[in-house]
Amino acid sequence: MSKQILVLPGDGIGPEIMAEAVKVLQLANDKYSLGFELSFDELGGAAVDKYGVPLADETLERARAADAILLGAVGGPKWDKIDPAIRPERGLLKIRSQLGLFANLRPAILYPQLADASSLKPEVVAGLDILIVRELTGGIYFGQPRENRVLESGERHAYDTLPYSESEIRRIAQVGFDMARVRGKKLCSVDKANVLASSQLWRTVVEEVAKDYPDIELSHMYVDNAAMQLVRAPKQFDVMVTDNMFGDILSDEASMLTGSIGMLPSASLDANNKGMYEPCHGSAPDIAGKGIANPLATILSVSMMLRYSFNQGAAADAIELAVSKVLDQGLRTGDIFSAGMTQVGTAGMGDAVVEALRSL
Ligand code: IPM
Ligand code: MG
């Protein structure tokens, strides 16, 4: 039976990078007889324009019915002033939450060819291979109540709520331990347990889950220290597991260790490994439409999709190898450019990966 993939290009650079990722996906589909059928829909600002909401019910139904979802990026200045309830980002949060995609895997891997593109010294980042496991459907992103109002005194006042329940912490901790088991066997749980009640529960539950994983070396770190350690000595980390907001922040930070956020893919999985795959970067409105965005994070998201949702390790490996070969050829988009390399645009990079994959 064919496998259904729903493609949601989104906003800003989303459609440009997605066009390249789709070329790579279609080639992999043919070359490895994967039997994928692609369909397309809108999410975020593009969905606001088309349907009046950032995630239409029919799109959500299509996403539920699909075997996997490939997403570009959402948001942009065009929708910054609209009703906050229908901001493009709300569509992204809704699809994550409605599909139960609680486990967000964000690998930060330094391609050796890009050691010079990192803002850190090559010896600090050489060989870097970190996996951030971010809780994606709980915490302060979804906590109720939340409010933005004017007090009787006339002062404006707003607050959010950061809740976590035991079961939510346990299941993401298990993903963290499971990932550590197939990698370097080290898990660092990041929290703010010196201040936050939710983090105190987080730490307690992670300790309990650790009893089932005696082979994994567990450590705990406060988030401020983790942010510092990531730029001081990032290679001390193997897998990091953390809550929704800390994971959002730390994954952006980790991405820059690898040279560019334009290189980082991600997978958001439910309890059955159904997933949505997207680059970690945003819609980059400042460069949208210019044909210069780096499509590699989205192309590498395709490879994660093949690996995690479809168990097609060989095809996934081939895409990663094709990316590596293109970097070997010296091709670079602007974000990863360094002296002596050949600068290419979005389509140039996508076409080069397609060629490399074809000739493998
Ligand atoms: C991410 C993004 C999103 C998030 C935004 C666009 C809502 O920053 O995927 O990291 O905060 O989760
Ligand atoms: Mg983010």
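**View 1. Arg-358 is partly exposed at 48% relative accessibility and pairs with Glu-355.** Partly exposed here sits between buried (under 20% relative accessible area) and exposed (over 50%), using a 1.4 Å probe and protein chains only. Glu-355 also counts as partly exposed, at 46%. The two form a salt bridge, with the closest N and O atoms 3.5 Å apart; the term means a side-chain nitrogen of Lys or Arg within 4 Å of a carboxyl oxygen of Asp or Glu. Both residues belong to helix H12 (residues 346-358), and being three residues apart there puts about one helical turn between them. Helices (H or I, at least four residues) and strands (E, at least two) are DSSP runs, numbered from the N terminus.

A word on the source: this is a predicted model, where local features need pLDDT of at least 70 and side-chain atom pairs count only at pLDDT 80 or more, while totals for chains, interfaces and linings use all residues. Residues are numbered from 1 along each chain as its sequence is written, chains are lettered from A and ligands numbered from 1 in the order in which they are written, and side-chain values use heavy atoms, leaving out hydrogens and water.

**View 2. Helix H1 (residues 14-31) runs alongside H12, with the axes coming within 9 Å.** The crossing angle is roughly 10 degrees, so H1 counts as roughly parallel to H12 (angles under 35 degrees get that label). Axes are lines fitted to C-alpha atoms over the stretch in contact, and angles run from 0 to 180 degrees between N-to-C directions. Among the residues that meet are Ile-17, Val-24 and Leu-27 from H1, and Val-353, Val-354 and Leu-357 from H12; contact means heavy atoms within 4.5 Å. The contact residues split into eight nonpolar, two polar and six charged, where Ala, Val, Leu, Ile, Met, Phe, Trp, Tyr, Cys and Pro are nonpolar, Asp, Glu, Lys and Arg charged, and the others, Gly among them, polar. Glu-20, Lys-23 and Asp-351 are linked in a salt-bridge network.

**View 3. Lys-78 and Asp-49 make a salt bridge, their closest N and O atoms 2.7 Å apart.** Lys-78 lies in the loop between strand E3 (68-73) and helix H4 (88-98), and Asp-49 in helix H2 (residues 45-51), so the pair ties together parts 29 residues apart in sequence. Lys-78 is exposed at 58%, whereas Asp-49 is partly exposed at 46%.

**View 4. Arg-149 and Glu-147 form a salt bridge at 3.7 Å between the closest N and O atoms.** Arg-149 is partly exposed at 35%, and Glu-147 is partly exposed at 35%. The salt-bridge count comes to 21.

Key. Parallel < 35°, antiparallel > 145°, perpendicular 65-115°, else oblique.
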